[in-house]
Every structure is written in structure tokens, then in C-alpha cells.
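Have a look at the model first, then read on.

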Amino acid sequence: MEEANQSRVSEFIFHGLCESRELQKFLLLPFSALCLMTVLGNLFVVLLIITDSHLHSPMYFLLANLSFVDFCLSSVTTPKLTTDFLNDKKTISFGGCMSQILCVHFFGGGEMVLLVTMAYDCYVAICKPLHYSSIMGRQKCIWLVLTSWIIGFVHATSQLAMILDLPFCGPRIVDSFFCDIPLVIKLACMDTYTLRQLINADSAVLATTCFILLLISYTYILVTVRLRSKNGASKALSTCTSHITVVVLFFVPCIFTYLWPPSITWVDKFLAVFYTVITPLLNPAIYTLRNKEIKNAIKRLIH
């Protein structure tokens with residue numbers, strides 16, 4: 001009975017980004033600014049696309065959903081990270097920890113599929129422009145977005161189901177600033193080698209499938225347009241550069257974290273900060289700065 005009572009901890013303790021109190025106080029302001037810019041930037045893109053009738057097209061509908069997913073993803077980890085800079089003891093309840101895991105994989109998995117959907121939209125627009133309206137109809141766009149949310153939810157629940165009933169009896173210190181499966185599973189009071197392989201395989205199937213589809217899509221776009229005209233290749237490359245940049249920024253840290261986990265602590269934390277804090281901030285900036293229609297919509301809003 002005593003062993004059963006010890007099999008579940010009531011809370012976890014975050015180690016945080018660093019141990020130095022002075023450094024934590026120094027990081028409070030920049031991370032608070034990053035958090036605020038991420039929230040405002042992504043919400044601004046969503047509201048701009050909703051309110052400007054010139055942006056009511058499939059591409060911008062998908063972009064609005066990407067910004068909303070980035071807003072949700074950053075909201076799971078960044079506010080907690082920021083407030084923990086003020087706390088000597090950085091704790092999170094067991095339920096809160098499991099919720100973080102669920103949400104990170106839900107929004108992260110959904111974003112992977114959404115990026116594939118955006119690549120498909122880019123392919124249709126460039127390679128089949130005459131049939132774009134009929135292929136990318138309103139109803140199809142809605143179903144594609146719903147599919148990304150459903151796949152993200154299935155992925156997240158499958159990940160959570162594999163660790164929810166694990167016995168956690170100490171230690172309970174998570175060497176990061178949020179609950180991530182590779183770190184939390186190390187705290188289980190049992191051999192988790194097989195389970196870790198299953199979890200990695202689950203993440204690998206989704207990430208690898210999406211990444212391969214993205215590579216095929218953009219390669220096919222560039223090859224097809226290059227065969228049609230010499231100037232077409234540069235135009236296609238210009239159109240897809242924003243998409244490709246976002247894909248690289250999102251997938252590279254995820255691949256290193258989940259498919260090829262590093263053993264160096266500061267590398268783990270850097271990658272975690274990158275895909276939970278930096279990438280959701282960069283996405284709206286990349287699309288806003290490189291997209292002429294978005295910049296024109298901003299000018300119309302100002303004037």
C-alpha cells in the first residue's frame with residue numbers, strides 16, 4: 001500500500017533555463033517581450049486576414065490557421081517560463097504537466113500537417129493555376145484544416161496515453177522549463193526503454209511522413225516550373241521561400257529533439273526555446289515581411 005501511495009507524484013519541479021538568479025532576472029524582460037510580440041504578432045495576422053476582404057483566399061485562410069496554432073503553441077509554455085524567472089521554486093502540478101504534454105503535441109502535430117497542407121496549396125497555385133479555384137474550394141480548405149487538427153489530436157492523445165499511468169515516485173525534477181516527454185519519462189520508476197522506442201516511433205512516423213511530403217511537394221514545384229520557363233523557377237522559388245523557411249525552422253529542432261535526442265543539456269534547452277518560443281514569433285514576421293499582399297493589407301488598415 002505504501003508503494004502504491006508513492007507511485008504518483010503530485011507535482012514536478014522545473015530546473016529552468018539556468019541556475020543563476022541574476023541571469024534569470026536579466027532574461028525576464030527579453031522573454032516577456034518575446035511572449036508579448038508572439039501573441040500580438042500572431043493575433044494581428046489572424047485578425048488582419050479575417051477583416052481584409054482582399055485576403056479571403058485559401059492561402060491566407062491556411063496562413064491564419066498557422067498563426068492561430070503558433071499563438072496556441074507559444075501560450076502553452078512561454079507564459080509559464082516567463083513567470084518562473086521570478087520564482088525560486090518552479091513547480092507544476094501533475095495534471096498541469098500532463099496538460100502541457102498534451103497541448104504541445106496537439107498543436108505541434110497539427111502544425112506539421114498544416115504545413116503540408118500549405119505546401120499542397122502552393123503546388124496547386126503554381127503547377128495548376130487554371131484549376132486552382134475548383135481544386136482549393138472553401139469546403140476543401142475547411143476539411144484540410146480540420147484534418148490537421150484531428151491528426152494533431154490523435155497524435156497527442158496517443159503520446160499522453162503511453163505515459164499517463166507510469167509510476168512516478170521521484171525524483172521529480174524536470175531539467176527544462178516545461179514538461180516534455182523525453183525528460184518526464186526519465187523520472188518514471190520503471191524501465192522505460194521499450195516505451196521510449198514506441199513514443200519515438202509515434203513521433204517519427206508523423207514528423208518523417210510530413211517532412212518527406214514537404215520535400216516532394218517543393219521539389220516537384222520547382223522542377224515543374226523550371227521546365228516550363230526560365231523565369232518561372234525564380235518566381236516559384238520566391239513564392240515558396242517563406243514556406244520553406246518556416247518548414248526548416250519548425251522541423252529541424254523537432255527532428256533533433258525527438259528523432260535524434262542530444263545528450264547535452266544546454267543543446268536540449270536551446271532547441272526547446274527555439275521551437276516553443278522563437279519559431280512561433282518568426283512565422284508571422286516571415287510571412288508579413290515577405291508577402292506583398294499582407295503588406296498592402298497593413299497599408300490599407302493604417303490609411
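This is a predicted model: local features need pLDDT of at least 70, side-chain atom pairs count only at pLDDT 80 or more; totals for chains, interfaces and linings use all residues.

Residues are numbered from 1 along each chain as its sequence is written, and side-chain values use heavy atoms, with hydrogens and water left out.

- Cys-35 is buried, at 17% relative accessibility.
- The closest cysteine sulfur to that of Cys-35 belongs to Cys-72, and at 13 Å it's too far for a bond.
- Cys-103 is in no disulfide either, and its nearest cysteine sulfur, again that of Cys-72, sits 8.7 Å away.

**The disulfides**

- You'll find two disulfides in the structure (a disulfide here is a pair of cysteine sulfur atoms within 2.5 Å).
- As a reminder, a disulfide is a covalent bond between the sulfur atoms of two cysteines.
- Number the bonded cysteines in sequence order and the pairing reads 1-3, 2-4.

**Cys-97 to Cys-179**

- The sulfur atoms of Cys-97 and Cys-179 are 2.0 Å apart, and the link is left-handed, with -120° about the S-S bond.
- Cys-97 belongs to helix H4 (residues 94-127), while Cys-179 is in the loop between strand E3 (173-174) and helix H7 (181-184), so this bond ties together parts that are 82 residues apart in sequence.
- Helices (H or I, at least four residues) and strands (E, at least two) are DSSP runs, numbered from the N terminus.
- Cys-97 is buried at 0% relative accessibility, and Cys-179 is buried too, at 1%.

**Cys-169 to Cys-189**

- The other pair is Cys-169 and Cys-189, with an S to S distance of 1.8 Å.
- The torsion about their S-S bond is about -135°, so this disulfide is left-handed.
- Cys-169 lies in the loop between helix H6 (138-163) and E3, and Cys-189 in the loop between H7 and helix H8 (193-228), so the bond ties together parts that are 20 residues apart in sequence.
- Both ends are partly exposed: Cys-169 has 39% relative accessibility and Cys-189 has 33%.

**Overall fold**

- The protein has eleven helices and three strands, in the order α-β-α-α-β-α-α-α-β-α-α-α-α-α along the sequence.
- Its radius of gyration is 21 Å, close to the 19 Å from the globule rule for 303 residues, so the protein is as compact as a globular protein of that length.
- That radius is taken over C-alpha atoms, and the rule is 2.2 Å times the number of residues to the power 0.38.
- The C-alpha trace spans about 70 × 45 × 35 Å along its principal axes.

**Packing and surface**

- Of the 303 residues, 47% are buried.
- Among contacts (heavy atoms within 4.5 Å) between residues at least 6 apart in sequence, 78% join residues at least 24 apart.
- The accessible surface is about 15,500 Å², and 68% of that belongs to carbon and sulfur atoms.
- Those areas come from the Shrake-Rupley method with a 1.4 Å probe; for residues, only the protein chains shown count as cover.

Terms used: Buried means under 20% relative accessible area, exposed over 50%, partly exposed in between (1.4 Å probe, protein chains only).
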